[in-house]
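Reader: Hi! Please walk me through this one, starting with the words you'll be using.

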Amino acid sequence: MDKIIVNGGRKLNGEITVQGAKNSVLPILVATLLVDGVSVIHNCPMLSDVDATIKILQYLGCTVNRENHSITVDSTNVFRDDVPDNLMREMRSSIVFLGGILGRMGRAKLSTPGGCEIGLRPIDLHLSAMEQFGATVTDEDGFLVCSAGENGLQGTRITLSFPSVGATENIILAATCAMGTTIISNAAREPEISDLADFLNRCGAKIRGAGDSTVVIEGVKKLTPAEHTVIPDRIVASTYLIATAMTGGEILINSIIPSHIAPIIQPLRESGCNIVVNKKQVILESPKILKRIRMIRTMPHPGFPTDVQAQIMALTSVADGTSVIVENIFESRFKHIGELLRFGAKIHVEGRMAVVEGVNHLNGANVRATDLRGGSAMILAGLQARGTTEITEIHHIDRGYETPEKTLSELGADIKRVNSNEKQGNA
Ligand code: EPZ
């Protein structure tokens, strides 16, 4: 098993272009199932979750080719409507295949995706939405079988009790070629929803209001192939901004979309960072000493993203003063705290609230990545800490960050990936 070794205390300085958004490319690749022909998706990050998605598309009968950051999907000969358990389990978010397969084949058979490190990840909202399209949902020895009615999926009005990102995506995928019009109320507003709608509309879909709480989808008979470039990854951009702030450096990030990172700008300014955001770039200059951030509450977009909670907690653990972080989205997304305590962080947890008392500096430690974003927080803490940090279970990090050690080395970090049975020279 590979691990990452960091020698902390080096300032990050420089300029990067951030990868394409993992949480956008995954549903967009699923959406190619609805297109009868060859779709071309650009700016696809090199991630294990993308590899897992490609494997499922190929199992279903798609021909998929990857050339660096461009992926071509020919969905002409899709002939399967099921996803085997081993492929479902490779990726937590494989539930988003439900709407794509059901929309294309009229039937979808998936194993219930298990919970993961950050929560039980229920899919009740997804399933009740499919039933509102007139589909039946049955359980066949551990598999979910979702079948459209004899007249196919019928457009309908769906109100989500929670603005679930995945459920909103599944509804859009199922509604795109359904009979009639679908209206989603309390839809998720994350930018990745808009990116999915942009791709589908480019293929001839009729989706209005994506990115707002009410989305209207007029079903169409057929989608024609199109090319699409995935939006930049706002969570990865936020991670590198926080890494820079924690090491006292300066960074310029190209190819961001300002509104996508808006929720984290104010908290970073409160911590003392000087930030300039223009049309396509964000520039961050760190303060000498980070100040505490009074209160962070994770909320659906455009609130503070839950996917940046672990990273901002690493920052507040070395800020001057006490910060409070409340995790409102997932019921167990504090697993990284145990690992941050190994660095010498002072964090007290009461339910969904973490009280972080900043310390002057962290000390290098042997830690593990508890999950994707918790893992990225370990890297950030290691960058700031005095001494050496070893991070294991980094396969979690590889799900969402394209070669983080390469990007950070280019910014001046002393970081490397080693195969755990390799002799460890100096990192
Ligand atoms: C997406 O997950 C993202 N993943 C997550 O990013 C992100 O944290 C999350 O949205 C929230 O922004 C992808 O896009 C692949 P939800 P998703 O459905 O769709 C509850 C990362 O680090 N819920 O919006 O699974 C659920 O339990 C990952 O990149 C139900 O109760 O998130 C959670 O508490 C982690 N019933 C809340 O809603 C349902 O049927 C938000 O979940 C569905 C969800």
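Author: Happy to! Helices are DSSP runs of H or I with at least four residues, numbered from the N terminus. This is a predicted model, where local features need pLDDT of at least 70 and side-chain atom pairs pLDDT 80 or more, while totals for chains, interfaces and linings use all residues. Numbering runs from 1 along each chain as its sequence is written, and side-chain values use heavy atoms, without hydrogens or water.

Reader: What's the volume of the largest cavity?

Author: About 50 Å³, counted as the space filled by probe spheres set on points joined across faces, edges and corners. Its lining includes Thr239, Tyr240, Ser376 and Tyr401. Helix α12 (372–384) supplies the largest share, three residues.

Reader: And which helices each supply at least two residues to the second largest cavity's lining?

Author: α8 and α9 (258–270) do, with α9 giving the most, four residues. Among the lining residues are Arg234, His260 and Pro305, and the volume is about 30 Å³.

Reader: Switching topic: is Thr316 buried or exposed?

Author: Buried, because its relative accessibility is 0%; the cut-off is under 20% (1.4 Å probe, protein chains only). Thr316 sits in helix α10 (residues 309–316).

Reader: Which residues does Thr316 touch?

Author: Leaving out residues up to four places away in sequence, Thr316 touches Ile293, Ser323, Ile325, Val356 and Gly358, with contact meaning heavy atoms within 4.5 Å.

Technical notes:
Buried < 20%, exposed > 50% of the residue type's maximum accessible area, 1.4 Å probe, protein only. 1 Å grid on protein atoms, 1.4 Å probe; cavity = no way out; pocket = protein on both sides within 12 Å on 5 of 7 lines; lining within 4 Å.
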